Amino acid sequence: MTSRGRALATAAACTLMVGCTEMLVPRSRGLEPVELFDIVWQDFDRYYASFEIKGVDWNDVRQRFRPQAESARTDAQIAATIGRMLVELRDPHVELAIPPHTFYVSLAAQRTYFDPNTAFGTRYVTAGRMTPTRNIWYGMIGTDVGYVRVVSFVGTGWSGEIDTAIESLQAARAFILDVRDNGGGNSGTAEKIASRFATRRYRFAYVRFRNGPRHGDFADPIARDIVPIGPQRFGGPVIALTNRRVMSAAETFVMAMRARPNTELLGDTTIGGLGNPLVRELPNGWTFRVPQSIEYGPGMEVFEGVGIGPAVVVPHSAADSAAGRDPQLEAAIARIRLRIP
Amino acid sequence: MGLRNCTVRSLTSIESLRPRAGLLVHALLITLPALLAAQAAADSTIDDRRSRLTATLMGVQMAQHVPSISPSRYGGSGVGVALRWERARTSSVWDANMEFVHSNINPGSMALAGHLNQVFVGTVALTRAKAVQAMSSPRRAVFVGLRLDATAHADVQQFGPLRPGTDVFGYAVFSAGPVFRVSFTSGTRRLAWELAVPFIGLADIPYANAKAEGSLRLHAVTVTQLRTVRQHLRYHTRLTRGWGVVWGYDFLFEQQARYETRTYARQGISAAVSAPLGRQRP
């Protein structure tokens with residue numbers, strides 16, 4: 001063979017030897033029920049942030065539930081086993097999505113009796129309006145207090161709607177920011193709305209992400225600041241209304257209000273589910289969420305699993321709701337008027 | 001739907017839904033040696049000692065298995081561009097290459113239909129090699145040297161139809177290692193094969209997604225944590241006034257073993273236009 005021939009033969013051999021990338025990459029793992037269980041357990045073991053805070057012995061959980069997984073034969077059986085295992089974490093951010101349904105820790109026990117139509121009704125708020133996305137409801141209470149209810153923080157790109165609300169409530173000398181029953185959404189959106197109520201930069205939280213195989217492995221704290229943005233910023237007195245259905249990004253908002261000067265939290269304790277969730281998938285198409293971070297207050301206080309307690313606790317009973325009253329809003333109105341200069 | 005039915009359907013779909021672009025790549029790879037043989041028949045001169053600038057367009061096929069993103073293997077195809085400066089002498093070679101690749105990859109499974117990752121890879125490489133073999137003939141040259149690589153790999157995960165949103169994974173590696181290059185020249189044509197095996201470097205290989213780290217965190221890596229093989233096969237044909245066309249085949253295999261074993265493989269074919277820089281030397 002000539003040198004040219006050898007060269008070409010070598011080139012061809014090298015080319016064909018590596019001709020298929022997929023041959024070099026491990027195949028997808030199996031789909032036996034117990035393997036699905038093992039993947040979920042292992043992913044939580046690797047990424048879940050709050051084992052130590054919640055005192056959960058994850059190895060013990062595995063020992064208790066794996067025998068059930070081994071005997072599972074159907075989708076329903078293994079899903080139920082995985083679901084029971086995940087409930088042990090008592091974390092509202094943990095979800096198991098089995099198309100077309102999504103299962104999560106039930107909030108039914110967190111009954112609040114909050115009725116947004118009562119709060120927003122003519123009894124308290126006059127000239128009430130909603131922004132185009134209906135995420136923000138706003139109006140005046142009397143002639144001097146602005147009322148803004150943020151229904152949800154889901155999505156991005158609409159936080160500027162708060163500017164419309166603030167502009168139309170220019171007569172307000174104080175604000176009541178109502179995030180009761182707000183289940184969260186995008187924490188960036190929550191921070192942007194909070195930034196309209198800041199006149200200077202301030203630190204409101206730290207976040208630490210799980211970054212290692214041990215349950216106590218965390219990256220360095222990342223500081224989270226509120227930076228004033230928007231055409232109009234309100235620096236006067238604020239009362240933020242919370243209750244037991246406030247979670248996730250809404251709790252981020254509450255933390256931002258908690259650290260804001262001249263601000264009071266009123267109502268009930270939040271859920272305590274602030275961990276940023278990592279979305280994981282299983283080979284059979286199911287997905288689940290693993291909270292992978294812990295949020296801390298500016299003094300490194302932990303709210304995960306315990307919630308953010310208000311400075312002023314005001315209960316809201318079924319009788320109040322039946323009578324068309326909102327005692328938390330009434331208390332907020334009374335207290336904010338004391339703060340108006 | 002029972003789980004076992006689901007299993008069978010998923011595995012079947014993995015086999016049947018392999019990226020179709022890959023078939024085209026494989027077909028071209030099989031015919032490439034024949035094309036090379038046919039074109040190498042000519043005999044004139046490629047003795048141009050000027051530096052060259054080469055602009056490349058690539059079609060790539062990639063596959064990866066990254067447990068921190070998914071337990072499933074993802075595969076797919078994409079495109080890339082590269083800009084390369086080369087100064088080749090009889091005794092030495094300088095080579096600087098900037099490359100950017102974008103691919104869409106998916107698990108190829110009916111059960112995970114709609115799950116899609118977009119992969120963005122940027123690489124800057126600098127190669128310095130010297131001839132180690134006396135020219136046994138004016139046609140063949142063997143070079144050995146050092147290759148420095150800087151690679152940033154971003155993997156944007158889209159969660160699927162049930163859960164709108166994305167997350168970003170990825171890594172960054174600065175590596176160094178030996179490079180071995182053989183080139184065969186025949187008239188206006190040159191075939192060059194290069195093998196690079198980086199074995200030491202600095203890497204930021206996050207435990208999970210990018211936001212978990214917050215910033216670039218480099219640590220030293222050796223072959224125990226980073227195993228990479230790069231192969232480049234290029235066939236230069238000269239056109240008029242020193243301009244040329246370069247056909248290429250690239251292959252990359254990378255395995256990271258920091259927290260888990262992450263495997264990446266990529267191959268691609270390319271076509272490039274090569275232009276001389278400066279005046280021709282006597």
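This is a predicted model: local features need pLDDT of at least 70, side-chain atom pairs count only at pLDDT 80 or more; totals for chains, interfaces and linings use all residues.
**Notebook: chains A and B**

I began with chain B. Among its contacts between residues at least 6 apart in sequence, 64% join residues at least 24 apart. I then listed the secondary structure of chain B and found 2 helices and 12 strands.

**The largest core**

Next I asked which residues touch the most other members of the largest nonpolar core. They are Ile176(A), Phe253(A) and Val254(A), in a core of 88 residues. Helix α10 of chain A, residues 249-259, gives this core its largest share, 8 residues. Domain 1 (33-104) and domain 2 (116-274 + 294-339) of chain A both contribute residues, so the core lies between them.

Leaving aside neighbours within four places in sequence, I find Val254(A) in contact with Val179(A), Ala240(A), Thr242(A), Val246(A), Leu265(A), Thr270(A) and Ile308(A). I also noted a second, separate core of 25 residues. Its members include Ala82(B), Ala192(B), Trp193(B) and Phe251(B).

**Helix α10 of chain A**

I went back to α10(A) and counted burial. Of its 11 residues, 11 are buried, so α10(A) is largely enclosed by the rest of the structure. The buried residues include Glu251(A) and Arg258(A) as well as Phe253(A) and Met255(A). What covers them? I find β6 (174-178), α9, β7 (202-209), β8 (222-226), β9 (238-242) and β10 (263-267) of chain A among the covering elements.

**Helix α8 of chain A**

In α8 of chain A, residues 161-168, I find Ile162(A), Ala165(A) and Ile166(A) buried. They span an arc of only 95 degrees around the axis, which puts them on the same side of α8(A). I recalled the general rule: an α-helix has 3.6 residues a turn, so residues three or four places apart point the same way. The buried residues of α8(A) pack against β4 (136-141), β5 (145-150) and α9 (187-195) of chain A.

**The sheet in chain A**

Last, I traced an open sheet of 7 strands in chain A, in the order β3-β4-β5-β6-β9-β10-β14, with mixed pairing. Which strands stand at the edges? They are β3 (126-130) and β14 (312-313) of chain A; each has a single partner strand, so one side of each is left without a neighbour in the sheet. I also looked at β6(A) and β9(A), which pair in the parallel sense over 4 bridges. Asp178(A) stands opposite Leu241(A) in β9(A).

Terms used:
Residues are numbered from 1 along each chain as its sequence is written. Chains are lettered from A and ligands numbered from 1 in the order in which they are written. A nonpolar core is a set of buried Ala, Val, Leu, Ile, Met, Phe, Trp, Tyr and Cys residues joined through C-beta atoms within 7 Å. A residue is buried if 20 or more other C-beta atoms lie within 10 Å of its own, exposed if 12 or fewer, and partly exposed in between; C-beta atoms are placed from the backbone. Domain bounds come from an automatic or database domain assignment. Two residues are in contact if their C-beta atoms, placed from the backbone, lie within 7 Å. The arc is that of the directions from the helix axis to the C-beta atoms. Two strands pair if DSSP finds at least two bridges between them.
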